[in-house]
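Subject: Structure for your review

Dear colleague,

Please find below the structure that I am handing over to you. My notes on what was found in it follow directly after.

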Amino acid sequence: LGDPFILLHNGTYYAYGTHSDEGIEVYISDNLKTWKYKGLALNKKDSWADRWFWAPEVYEVNGKFYMYYSADEHICVAVADSPVGPFIQNKQEPMIVEEKCIDNSFFMDDDGTPYLSFVRFNDGNNVWIAELEKDLITLKKETMRPCIHVSQAWEEVWPRVNEGSYILKHNGIYYMTYSANSYESPFYGVGCATATDIMGEWAKYDENPLLQNPGGLVGVGHSAMFTDKEGKLRIVFHKSNIHPRAMYIGTVNFENVNGTDRMRISKEYITPKLLQ
């Protein structure tokens with residue numbers, strides 16, 4: 001899987017990612033190490049578009065499952081009653097009709113306000129954020145604002161790319177992981193930016209990238225995070241060489257440095273296996 005995402009629901013892990021021309025696939029596991037293919041969670045016949053199904057993320061909110069994904073370089077959302085689908089895009093149009101965007105990622109704040117971060121193409125690939133309506137589907141376009149763009153030397157290898165954002169909140173601080181450089185580049189990697197106001201200014205870590213070529217893996221990035229059954233914070237990412245891309249799972253923790261929590265990503269990782 002490329003652009004992988006893992007959901008833990010009722011003791012089972014569900015993995016989604018970029019792979020099929022027919023839609024979005026889902027795989028299941030009870031241990032993160034061995035996985036079984038469960039079919040198409042989203043069939044292209046139930047989507048607005050008919051090609052380029054990329055970077056899905058799935059979240060449960062009030063008993064419904066929401067899949068945020070890219071199709072034909074537009075951001076979309078589909079809804080299901082089960083994490084294996086079928087996910088249906090009831091409104092047959094992208095979240096932003098008039099503009100190409102990719103890599104939409106959902107975040108709900110402590111007060112219940114829903115947000116969507118996503119990539120626009122107006123300065124290479126750069127990350128923006130906006131609020132969502134309570135339906136978790138409709139973007140409040142008047143709230144759109146930029147978050148991060150290419151601004152550090154390690155990101156300028158090839159070409160202008162900040163993408164694959166994922167936001168979590170830890171001790172009142174917002175942490176955004178993102179990927180930089182082309183996914184085809186051996187210098188693809190994961191950085192971190194933080195903010196005290198999710199709609200305010202984001203500051204990138206000086207020590208970026210936090211993850212790049214761990215243990216000899218080449219072209220690692222487009223990550224997301226989840227908490228495993230033991231309560232450990234995990235990161236899932238792919239490596240590219242260039243194709244096929246493959247999913248790996250690492251560990252995330254926070255280190256207190258001069259009174260400030262700093263995100264750390266382990267260099268050790270799980271290599272999942274697909275059972276036939």
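Strands β18 and β19 pair in the antiparallel sense, and 6 bridges join them. Within this pairing, Asn256 stands opposite Asp261 in β19. The two strands form a hairpin with 2 residues between them, and Asn258, which lies in that turn, has a positive phi of about 55°. Please keep in mind throughout that this is a predicted model.

Strands β16 and β17 are antiparallel and pair over 6 bridges, and here Ala224 stands opposite Val236 in β17. Strands β17 and β18 also run antiparallel and are joined by 6 bridges. Phe237 has Tyr248 in β18 as its bridge partner.

I turn next to the aromatic rings. A pair of aromatic rings is described by the distance of the centres and the angle of the planes. The model has 12 aromatic pairs. In one of them, the rings of Phe5 and Tyr59 have their centres 5.3 Å apart and their planes at 55°. Stacked pairs need planes under 30 degrees apart and edge-to-face pairs over 60, so the pair of Phe5 and Tyr59 is tilted. This pair links distant parts of the chain: Phe5 is in strand β1 (residues 2–9) and Tyr59 in strand β5 (residues 53–61), 54 residues apart. Both Phe5 and Tyr59 are buried.

Phe237 and Tyr248, already mentioned as bridge partners, also form an aromatic pair. Their centres are 6.2 Å apart with 20° between the planes, and the pair is stacked. Phe237 lies in strand β17 (residues 233–239) and Tyr248 in strand β18 (residues 246–257), so the pair ties together parts that are 11 residues apart in sequence. Buried means under 20% relative accessible area. Phe237, with a relative accessible area of 2%, is therefore buried, and Tyr248, at 9%, is buried as well.

Ring pairs also build a cluster, which is made up of Phe5, Tyr59, Tyr68 and Phe106.

Charged side chains are found over aromatic rings too. The charged end of Arg51 sits over the ring of Trp52, 3.8 Å from its centre. The charged end of Arg262 sits over the ring of Tyr205, 3.9 Å from its centre.

One further residue deserves a note: is Ser182 buried or exposed? Its relative accessibility is 9%, so Ser182 counts as buried. Ser182 lies in the loop between β13 (173–180) and β14 (189–195). Leaving aside residues up to four places away in sequence, Ser182 touches Trp158, Pro159, Val161 and Tyr188.

Yours sincerely,
A colleague

Terms used
Residues are numbered from 1 along each chain as its sequence is written. This is a predicted model: local features need pLDDT of at least 70, side-chain atom pairs count only at pLDDT 80 or more; totals for chains, interfaces and linings use all residues. Side-chain values use heavy atoms; hydrogens and water are left out. Helices (H or I, at least four residues) and strands (E, at least two) are DSSP runs, numbered from the N terminus. Buried means under 20% relative accessible area, exposed over 50%, partly exposed in between (1.4 Å probe, protein chains only). Contact means heavy atoms within 4.5 Å. Rings of Phe, Tyr and Trp (its six-membered ring) pair if their centres lie within 6.5 Å; planes under 30 degrees apart count as stacked, over 60 as edge-to-face and the rest as tilted. A charge sits over a ring if NZ of Lys or CZ of Arg is within 6 Å of the ring centre and within 35 degrees of the ring normal. Two strands pair if DSSP finds at least two bridges between them.
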